[in-house]
There are 8 protein chains.
Amino acid sequence: MKYKVGIIMGSKSDLPVMKQAAEVLEALQVPFEITVVSAHRTPERMVEYAQSAISRDIRVIIAGAGGAAHLPGMTASLTPIPVIGVPVKSSNSIDGWDSVLSILQMPGGVPVATVALDGAKNAGILAAQILSVADDELLKRISNYKEELKKAVFDSIDEVEKHARK
Amino acid sequence: MKYKVGIIMGSKSDLPVMKQAAEVLEALQVPFEITVVSAHRTPERMVEYAQSAISRDIRVIIAGAGGAAHLPGMTASLTPIPVIGVPVKSSNSIDGWDSVLSILQMPGGVPVATVALDGAKNAGILAAQILSVADDELLKRISNYKEELKKAVFDSIDEVEKHARK
Amino acid sequence: MKYKVGIIMGSKSDLPVMKQAAEVLEALQVPFEITVVSAHRTPERMVEYAQSAISRDIRVIIAGAGGAAHLPGMTASLTPIPVIGVPVKSSNSIDGWDSVLSILQMPGGVPVATVALDGAKNAGILAAQILSVADDELLKRISNYKEELKKAVFDSIDEVEKHARK
Amino acid sequence: MKYKVGIIMGSKSDLPVMKQAAEVLEALQVPFEITVVSAHRTPERMVEYAQSAISRDIRVIIAGAGGAAHLPGMTASLTPIPVIGVPVKSSNSIDGWDSVLSILQMPGGVPVATVALDGAKNAGILAAQILSVADDELLKRISNYKEELKKAVFDSIDEVEKHARK
Amino acid sequence: MKYKVGIIMGSKSDLPVMKQAAEVLEALQVPFEITVVSAHRTPERMVEYAQSAISRDIRVIIAGAGGAAHLPGMTASLTPIPVIGVPVKSSNSIDGWDSVLSILQMPGGVPVATVALDGAKNAGILAAQILSVADDELLKRISNYKEELKKAVFDSIDEVEKHARK
Amino acid sequence: MKYKVGIIMGSKSDLPVMKQAAEVLEALQVPFEITVVSAHRTPERMVEYAQSAISRDIRVIIAGAGGAAHLPGMTASLTPIPVIGVPVKSSNSIDGWDSVLSILQMPGGVPVATVALDGAKNAGILAAQILSVADDELLKRISNYKEELKKAVFDSIDEVEKHARK
Amino acid sequence: MKYKVGIIMGSKSDLPVMKQAAEVLEALQVPFEITVVSAHRTPERMVEYAQSAISRDIRVIIAGAGGAAHLPGMTASLTPIPVIGVPVKSSNSIDGWDSVLSILQMPGGVPVATVALDGAKNAGILAAQILSVADDELLKRISNYKEELKKAVFDSIDEVEKHARK
Amino acid sequence: MKYKVGIIMGSKSDLPVMKQAAEVLEALQVPFEITVVSAHRTPERMVEYAQSAISRDIRVIIAGAGGAAHLPGMTASLTPIPVIGVPVKSSNSIDGWDSVLSILQMPGGVPVATVALDGAKNAGILAAQILSVADDELLKRISNYKEELKKAVFDSIDEVEKHARK
């Protein structure tokens with residue numbers, strides 16, 4: 001695999017959510033970088049990160065942030081590669097609505113691929129799906145991953161069905 | 001470009017929104033298919049569409065739907081390739097909230113890359129960005145597209161600045 | 001009683017809510033099946049379950065799910081019998097709004113009989129009410145059940161009235 | 001068919017929405033009554049209507065109302081037969097949220113089978129599905145109805161696909 | 001004082017909130033009754049309660065309920081005296097929105113004087129204010145009560161001001 | 001009738017809504033005053049109005065305002081008589097939510113009797129109900145008014161029932 | 001007056017709203033600049049604008065944007081002077097909620113002084129109030145402006161009061 | 001520094017949030033006063049406080065309140081100096097929405113500079129930014145403060161990056 005995923009988050013406090021993206025990428029054998037980039041406290045670092053990403057072989061960026069979450073959208077404005085946004089339900093968020101809307105509702109021309117609130121695991125899977133366009137082996141590993149999800153459901157059937165009457 | 005984008009929508013009434021995805025793909029010279037697939041009225045067609053997509057060289061699916069919008073998420077459950085969801089503010093929607101939430105809030109394991117309400121244009125750009133992972137020429141065309149957005153802003157400066165006092 | 005209720009849920013984690021449907025059906029002496037069927041992780045199982053339900057004498061399905069909850073609506077698209085949807089306030093839900101809207105807001109032609117958030121008990125009663133169309137004895141048991149609700153209110157009157165001044 | 005559906009609405013102004021329930025019942029050859037019953041302006045009429053419904057061979061009631069919509073829930077409290085609630089986006093409603101929540105969120109013991117905002121057509125179909133528990137011919141007509149929905153989707157494919165590039 | 005306040009609640013579980021109305025009425029020396037009346041489980045009791053209230057010298061009713069809260073509005077439909085509604089954030093409520101909207105959004109002709117979520121204390125004060133129209137002594141007690149609120153603020157000034165810098 | 005109702009509104013633009021309160025009071029033969037008092041633009045006038053109301057024989061105030069609607073709550077803080085708040089869906093309001101919440105959610109000690117969004121008619125009826133505590137003739141007129149509402153429903157029955165099949 | 005206000009907006013389409021800020025500044029004789037700066041389409045221009053503002057004697061920036069509105073917050077991250085944010089209810093906004101939340105909910109350390117939805121007029125007044133800290137003449141003009149608001153209310157009294165009964 | 005900031009809050013219970021404004025002002029060496037002023041329980045004190053602020057050299061007021069939060073807007077109506085509003089998520093608030101909307105949505109003519117829910121720290125910074133218009137030394141201290149924010153981000157990089165794979 002020649003390409004990498006770049007995972008960034010607005011604050012260290014987003015790590016418990018965002019490391020789930022790292023874990024699923026690891027399971028799918030997709031290389032990644034992970035670091036902190038704050039749109040509001042380190043705007044120059046954000047510009048530098050986004051503009052140099054391609055040169056570091058990054059081809060998808062996962063950006064997580066909460067509240068007025070500008071990191072995913074601003075990163076998307078600074079690079080032509082796809083950016084996945086993870087709305088984080090941080091302590092300063094109004095039930096997550098601010099995080100979701102300030103990531104999702106991007107204007108025409110600058111998309112952010114938004115996943116569910118605190119959905120960093122899905123961001124990792126989506127990043128792998130994107131890189132699989134250039135990597136058929138990865139596509140197979142993703143198919144296998146989906147099969148495992150299925151198996152976990154089948155494994156839970158017995159436990160649930162015993163609640164039925166005799 | 002060896003790969004295509006598949007554009008599907010839940011109803012013919014979604015076409016005025018969804019054709020914006022087609023238009024931007026055309027502008028970016030990305031091949032695509034477009035058709036109607038209803039999760040609720042043609043579930044078998046949806047299964048067949050999603051499971052055969054890879055064999056037709058589709059590597060990204062854009063799915064648009066409104067109200068209780070299940071098409072993007074169900075398509076994502078049926079294929080390992082990335083699925084982009086477009087929440088459509090259809091006539092039966094509660095201000096678009098139902099469309100957004102029933103596409104965005106997918107469970108762990110089955111991501112949908114969600115764009116803004118009625119954001120089909122951004123879905124088209126995102127699909128192109130995804131395919132550009134395997135196509136550097138396309139990545140360049142996307143960079144050029146972003147430059148044109150920038151130019152349009154600069155072209156509007158004069159009109160706005162004339163509102164300043166002398 | 002010749003007919004049964006089928007209770008399905010998207011995940012084992014929905015069981016604490018969904019077993020309340022089973023309990024009330026048991027109290028009303030209505031036969032039922034209960035199992036796990038995930039729209040997103042086992043879509044083929046869902047198709048098979050819904051399409052074979054009538055042949056197993058199921059005449060009402062109760063489907064519970066949370067977040068982007070597609071199981072009730074998709075089940076309804078796959079069978080002509082009535083489907084009751086239970087929005088579950090699962091851990092990945094935004095205060096339950098996503099669960100409610102993605103079950104309730106079905107398009108014209110494919111109804112889901114939606115009950116309150118986490119309202120599995122009411123789903124069980126509603127399923128019994130539906131089967132009572134073909135079973136006058138069951139209708140009487142439901143009437144009796146309502147009388148017991150009334151009695152519980154009367155039993156609580158003393159405790160509340162003692163808060164009045166002398 | 002020995003049973004009927006009772007359609008009631010809180011105000012004459014709900015008729016443009018509620019008559020869609022009547023129309024689909026007519027198409028499915030299900031007998032029905034339709035009238036105005038206001039929970040807030042004619043509470044005694046509501047009590048009388050609900051308590052006498054069974055004696056008039058009504059086995060499902062469809063109740064539509066808007067704003068603080070109490071008619072469906074109060075009707076459900078007064079009869080053991082299933083009640084379907086239609087939240088109407090009336091002129092005095094806050095975008096329909098009040099109608100939806102005051103019908104959907106019934107307490108344990110008294111279910112209302114709620115359909116989408118202004119979803120009277122689906123209420124009609126659901127009523128037919130409920131009566132089909134005691135009428136296999138009706139179940140077949142509902143299956144056919146679903147086939148026609150499917151056909152309408154297929155009929156729209158050509159119109160949409162012509163938007164694809166050559 | 002010749003008139004009384006009637007306090008009713010939909011369920012014993014509303015008592016911790018609703019007894020605050022009783023307490024403030026006691027402090028203001030306003031006679032009251034308190035009991036449980038469930039719109040959905042004891043509809044006949046509700047009709048009887050509301051229609052006989054005037055004959056028991058009740059001239060204001062305070063009704064508290066949660067979720068799809070129909071008790072205040074239905075009571076208001078059954079008597080010409082003013083009804084105060086207290087939206088209770090019960091366990092089956094969606095953050096209180098259902099309780100608020102199903103009490104507040106009454107149709108033209110049938111007002112409910114709605115107070116804040118869980119605002120039973122204010123309901124008690126409002127009931128006293130209403131009865132004070134026929135009782136100047138009570139009006140004075142209410143004025144005194146407001147003076148005490150003011151004093152409590154002044155008493156807290158020192159504690160807060162010590163947070164200022166020297 | 002010795003007492004009057006005072007109707008105030010934050011802006012002339014609230015008049016189309018607020019005059020409905022005046023009309024229903026006129027129909028019920030309740031004397032009233034009506035004027036403009038802006039909490040934010042004429043705060044001293046508001047203080048003067050509220051503090052002198054009793055001396056002008058006003059015993060209920062109806063206050064309507066939109067957006068961040070402070071007039072009802074501030075008036076309630078300045079007088080011991082009951083204040084009815086009418087949330088107006090003014091042009092600067094976010095779908096009426098700001099108007100509703102800034103009137104309804106008053107702190108303990110200072111109630112505002114809130115009616116539905118744009119519910120000035122109900123505010124007028126509620127004001128009459130309040131004054132009827134000291135006026136049995138008015139209570140009778142209110143009872144008659146409710147009878148007329150009932151009659152209007154009965155008059156609409158024919159029109160609706162003709163939609164039933166033969 | 002030695003200082004200026006800088007007015008920026010994300011798109012030419014925000015001009016009908018944002019020019020109200022310019023008009024009120026003109027009325028208060030406060031110098032200003034006005035131009036288009038798009039956070040997402042011209043991020044470098046935004047950085048340059050914000051970082052050079054002080055050198056052009058700008059001491060307050062008014063930034064208006066809609067949808068996922070990042071311009072106000074990003075500008076605030078790039079300069080130590082106060083930034084006022086105007087949430088614009090643009091065509092791509094979900095009833096304005098996205099605009100409001102993505103401007104208001106800034107993280108600790110980087111405030112944006114947010115005004116009401118489409119509240120550009122108030123943004124202009126607030127900018128003048130801020131500059132008046134260094135300009136007592138301007139503070140007087142603002143006081144006079146508030147007197148004129150008061151007069152406009154008094155001028156509307158007659159028109160409203162004629163709706164009272166004789 | 002000749003000017004001061006006035007910090008007020010509606011209730012002693014707002015102190016844990018509001019003292020964060022005091023702390024940041026102290027860190028930035030900006031003089032301030034802090035006290036309790038309740039719009040609803042001490043309206044005369046509020047009028048007196050706001051109208052005398054300038055004479056005490058106060059040039060910015062920070063006002064925090066929860067629920068139907070009228071203190072910031074009413075204070076703004078009573079003085080020409082800038083008022084910053086802090087929506088407090090108090091115990092009587094509906095998830096903070098009432099606090100936010102009743103502070104933010106002020107009518108044209110009377111701005112309140114609103115910060116995030118519970119954003120008292122940002123209110124303190126904003127007050128300092130406002131006073132810095134007349135104090136270049138303070139502007140420098142604010143610039144330094146922003147540098148420290150940046151440093152804190154850089155200090156957290158190591159901790160986050162160790163989550164990357166080797």
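Using that, the contact between chains F and G takes 20 residues from chain F and 16 residues from chain G.

Quick housekeeping. This is a predicted model, where local features need pLDDT of at least 70 and side-chain atom pairs count only at pLDDT 80 or more, while totals for chains, interfaces and linings use all residues. Residues are numbered from 1 along each chain as its sequence is written, chains are lettered from A and ligands numbered from 1 in the order in which they are written, and side-chain values use heavy atoms, with hydrogens and water left out.

Back to F and G. Together they bury about 1800 Å², and 68% of that is on carbon and sulfur atoms; buried area is the accessible area (1.4 Å probe) that two parts lose on being put together, summed over both. On the chain F side, F:Lys12, F:Arg41 and F:Ile94 supply 30% of the buried area, more than any other three residues.

There are 2 salt bridges between these chains, meaning a side-chain nitrogen of Lys or Arg within 4 Å of a carboxyl oxygen of Asp or Glu. One to look up is G:Lys150 with F:Glu44, where the closest N and O atoms are 3.3 Å apart.

Which elements of chain F give two or more residues to the side touching chain G? They're helix H1 (15-27), strand E2 (32-36) and helix H2 (43-52), where helices (H or I, at least four residues) and strands (E, at least two) are DSSP runs, numbered from the N terminus. E2(F) gives the largest share, 4 residues.

Now, the holes. The whole structure has 2 cavities of 30 Å³ or more. A cavity here is a set of points on a 1 Å grid over the protein atoms alone, where a 1.4 Å probe fits but cannot get out, and lining residues have an atom within 4 Å of a point. Volume is the space filled by probe spheres set on the points, which are joined across faces, edges and corners.

The largest cavity comes to about 420 Å³. It has 24 lining residues, with A:Trp97, B:Trp97, C:Trp97, G:Trp97 and H:Trp97 nearest its centre.

Methods. Contact = heavy atoms within 4.5 Å. 1 Å grid on protein atoms, 1.4 Å probe; cavity = no way out; pocket = protein on both sides within 12 Å on 5 of 7 lines; lining within 4 Å.
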